[in-house]
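Reader: Hi! I have a structure open and I'm still learning how to read one. Could you walk me through it?

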Amino acid sequence: MFWILPFLVTSLATYYLLDQLIRSKKVKGYSTKYVYVTGCDSGFGKELVQCLDSLGFNVFAGCLTEEGKQYLSKNCSNRVLAILHDVSNAESCQMALKTVQENLPPDAGLWGLVNNAGISGNMAPSELCDKDEYLKVMAVNLVGLIDTTRVFLPLIRKAGGRVVNMASAAGRIAFCMPPYSVSKFGVEAYSDILRRELYGRGVRVILIEPGAYITNIFNTKRLLGQVKAAYEKTTEEVKMTYGDIIGKFEAGVATIMKSGSANTRPVIDAYLHSLTSSFPRTRYTVGSDAMFTYIPVSYLPTWISDWLLQYV
């Protein structure tokens, strides 16, 4: 019986090394490939565009604001075309498609569509989040992602490219940030559906699942203001139910700030691997908290995960 453990360790190590070797193979001709990235005003999207530019890719950068558009136009090469795109607006999606089509070479398609745009929404308990809170987050994180993908899919199919969707560890196990988590569970479901619909058609659908990263989406002052506003307009009975929700929120933020990382490079590397590898992964779990806490806990029996997450 003692031989089983060394055998398992050796088998797992061999599998890991072979997997790494296979997935290290890169596609060729970056300079002939075109990628569209949404949510490029700041954070992951902004950094990804600059990295793709440095690698020689041709990039369309969708920005919500004129300020974001101007920054990329001034700080990137002529391979980057920054355009205005509000993913929650159907007309804006069509305008973005028209701009991309007009600037693609004849018979060219999109090698990659990176659905990076996202917002955090209210982090208050679900009872304090009204319908509009959910609709606002879903409009960007889920419905906007779906509409953008639907609109650009013919160009992706034309190039045999990839759809890369920003999900989250919160889309695998939900215990806070109600509107955000609900939207990311939707991203997981939509990506699974799309991947299976396109199976064998030359298009890959890939998910990025980060843990806690300290970016502009995680603005503690703004988030605390949202929680306070939600708390103030609720009933006295609900206030009594949740007690010192402001104190609990501040403690939770402190925990996230401690476990989260301001180094966004691992997420960017996951994005880059999904676009440059000949054999990309279906899911990229990024961050030690996601890899060693949230995703493993999601596989536990529900009663165990419920018990554990009350301490997070």
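Author: Happy to! This is a predicted model. Let's begin with strand 5, which is covered on both faces: Arg-162, Val-164 and Met-166 are buried on one side, and Val-163 and Asn-165 are buried on the other.

Reader: How many of the residues in strand 5 are buried?

Author: 5 of its 5 residues are buried, so the strand counts as mostly covered by the rule of under 20% relative accessible area.

Reader: Which way does strand 4 run next to strand 5, parallel or antiparallel?

Author: Parallel, with 4 bridges joining strand 4 (residues 112-115) to strand 5. To find one of those spots, look at Val-114, whose bridge partner in strand 5 is Val-164.

Reader: And what about strand 6?

Author: Strand 6 also runs parallel to strand 5, and 5 bridges join them. Val-164 turns up here too, with Ile-206 as its bridge partner in strand 6.

Reader: How does the chain cross from strand 5 to strand 6?

Author: The chain goes through helix 6 (residues 178-197), in a right-handed β-α-β crossover. Strand 4, helix 5 (residues 131-159) and strand 5 make a right-handed β-α-β unit as well.

Reader: OK, new topic. Which residues touch the most other members of the largest nonpolar core?

Author: Those are Val-37, Val-49, Leu-52, Ile-208 and Tyr-271, in a core of 33 residues. Several elements supply at least two residues each, including strand 1 (34-37), helix 2 (43-55), strand 5 (162-166) and strand 6 (204-210). The largest share comes from helix 10, with 6 residues.

Reader: What is Val-37 in contact with?

Author: Leaving aside neighbours within four places in sequence, its contacts include Leu-48, Val-49, Leu-52, Val-59, Phe-60 and Val-114. There is also a second, separate core of 26 residues, and Leu-142, Val-151, Val-163 and Val-205 are among them.

Reader: You listed Phe-60 there. Which aromatic residue does Phe-60 pair with?

Author: Tyr-34! The count comes to 5 aromatic pairs, and Tyr-34 with Phe-60 is a stacked one, at 6.2 Å centre to centre with 25° between the planes. Tyr-34 lies in strand 1 and Phe-60 in strand 2, so the pair ties together parts 26 residues apart in sequence. Both residues are buried.

Reader: Last one! Is Asp-147 buried or exposed?

Author: Asp-147 is buried, because its relative accessible area is 14% and the cut-off for buried is under 20%. You'll find Asp-147 in helix 5, where Asp-147 touches Ala-90 and Cys-93, not counting residues up to four places away in sequence. Also, the C-alpha atoms of Asp-147 and Thr-38 are separated by 12 Å, though these residues are 109 residues apart along the chain.

Methods
Residues are numbered from 1 along each chain as its sequence is written. This is a predicted model: local features need pLDDT of at least 70, side-chain atom pairs count only at pLDDT 80 or more; totals for chains, interfaces and linings use all residues. Side-chain values use heavy atoms; hydrogens and water are left out. A nonpolar core is a set of buried Ala, Val, Leu, Ile, Met, Phe, Trp, Tyr and Cys residues joined through side-chain atoms within 4.5 Å. Buried means under 20% relative accessible area, exposed over 50%, partly exposed in between (1.4 Å probe, protein chains only). Contact means heavy atoms within 4.5 Å. Two strands pair if DSSP finds at least two bridges between them. A crossover is right-handed if, with the strands pointing away from the viewer, the path from the first strand over the helix to the second runs clockwise. Rings of Phe, Tyr and Trp (its six-membered ring) pair if their centres lie within 6.5 Å; planes under 30 degrees apart count as stacked, over 60 as edge-to-face and the rest as tilted.
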